[in-house]
Amino acid sequence: MLTDRANNSSASTAAAPHVDLSIDGDRALITLAGAWTTRNMRRVDEQMREIGRKNGFSSAVIDLSAVQLLDTAGTWLVERLRTALEKTGKEVTIQGQSASWSALFEAVGEAATAPEEIVHVDRPSMFTSFFEWIGRRVYAFRDDFIMSMHILGATIRGAQMKGSGRSGIRPAAIVHQLESMGIGAVPVVVLMSTIIGAIIAQQGAFQLRYFGAEIFVVDLVGILVLREIGVLLTAIMIAGRSGSAITAEIGSMKMREETDALTVIGLNPVGVLVFPRLVALVIALPLLTIISDFTALLGASMITWAYSGISPEAFLTRLRDAIDLSSYLAGLIKAPFMAMIIGVMASVEGMKVGGSAESLGQRVTASVVKSIFVVIVVDGIFAIFYASINF
């Protein structure tokens with residue numbers, strides 16, 4: 001805001017700001033002149049500070065008669081000087097003030113005379129910070145769990161129109177997600193599983209060679225791949241590939257307020273966005289696990305043939321004796337649970353995205369990290385459970 005006594009044409013010809021101090025006994029006269037605007041304030045800022053620190057007089061008059069232009073910054077310097085002098089016990093009077101400046105001085109004066117609040121923040125000790133960090137993580141876990149249950153419940157109900165008994169399940173959306181998360185993931189699952197199976201077989205054969213028991217590498221690979229590695233490796237790859245995509249898709253829609261638009265038109269955003277993806281994951285992950293198991297065993301058979309001289313026929317014969325149906329089912333049973341975990345956690349993180357690209361990146365990272373962590377923990381829980389029931 002700029003207030004001018006003369007017409008606007010004087011703004012370009014106004015003189016630079018000037019301060020003159022004259023002391024007569026116990027009275028000081030502070031004369032201001034020129035254009036006191038934001039552009040020029042750096043020229044007189046330090047001089048005004050020095051006047052505010054001066055002593056030797058008990059009263060002061062600030063004369064504004066020669067001021068040509070005055071804006072918020074100039075008013076602030078005048079009010080700051082007045083406040084500084086009054087704090088030292090001096091009586092201050094402002095004269096020559098234009099009537100049009102009254103509102104400006106009133107607004108700036110409230111801010112200049114407001115008491116400064118000094119907040120002393122005591123830094124907590126390392127011991128306190130550690131338990132504070134744990135407490136925050138516990139509360140964050142609680143919030144994520146509640147939101148996960150909300151999303152899971154809304155998803156199980158299906159995508160329903162509000163106030164309508166008609167089901168909103170769209171087979172086309174589920175098929176589209178199946179193509180994206182299932183068929184699109186086959187190449188990377190095949191490649192990684194073949195390599196991992198080959199590495200396990202090579203390392204197992206190398207160690208068992210010292211005991212003359214290379215044939216038992218088939219038992220090792222078969223049990224390890226079918227019960228643990230196949231489903232776990234597939235779930236980790238899906239968490240990194242499809243879980244991050246779910247978070248990014250839902251998060252970007254939330255940033256653009258498309259989820260709010262779905263609510264406005266009477267649709268359940270969780271049902272519309274999460275339900276097809278979750279169903280597709282529950283279908284795709286077991287199928288990808290089967291592919292992963294077969295390709296890992298194929299990679300292991302190729303390595304044992306080349307490295308240990310175990311032919312594919314001998315590999316299959318030994319594998320038939322080493323495993324049974326329970327070994328195969330032990331891995332497949334885990335797949336739907338891991339798919340639900342990946343889908344729900346990815347959706348939770350997507351719904352938590354704020355309005356910035358930085359928030360989207362943080363939520364995508366959190367989605368992948370949390371999904372992989374929980375998948376590994378769940379795999380361990382299944383292993384303990386299987387051992388307890390001798391499965």
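Predicted model: local features only at pLDDT ≥ 70, side-chain atom pairs only at ≥ 80, totals over all residues.
Residues are numbered from 1 along each chain as its sequence is written, and side-chain values use heavy atoms, with hydrogens and water left out. Local features need pLDDT of at least 70 and side-chain atom pairs pLDDT 80 or more, whereas totals for chains, interfaces and linings use all residues.

Strand β3 (residues 27-36) runs parallel to strand β4 (residues 59-71), and 9 bridges join them; strands are DSSP runs (E, at least two residues) and helices likewise (H or I, at least four), numbered from the N terminus. Two strands count as paired if DSSP finds at least two bridges between them. The bridge partner of I30 in β4 is I62. Together with helix α1 (residues 45-53), β3 and β4 make a right-handed β-α-β unit; with the strands pointing away from the viewer, the path from the first strand over the helix to the second runs clockwise.

Strand β4 is also joined by 5 bridges to the parallel strand β5 (residues 91-95), where T93 stands opposite V61. A right-handed β-α-β unit is made by β4, α2 and β5.

Helix α2 (residues 72-87) contains T75. Leaving aside residues up to four places away in sequence, T75 touches L70, L104, F105 and V108, contact meaning heavy atoms within 4.5 Å.
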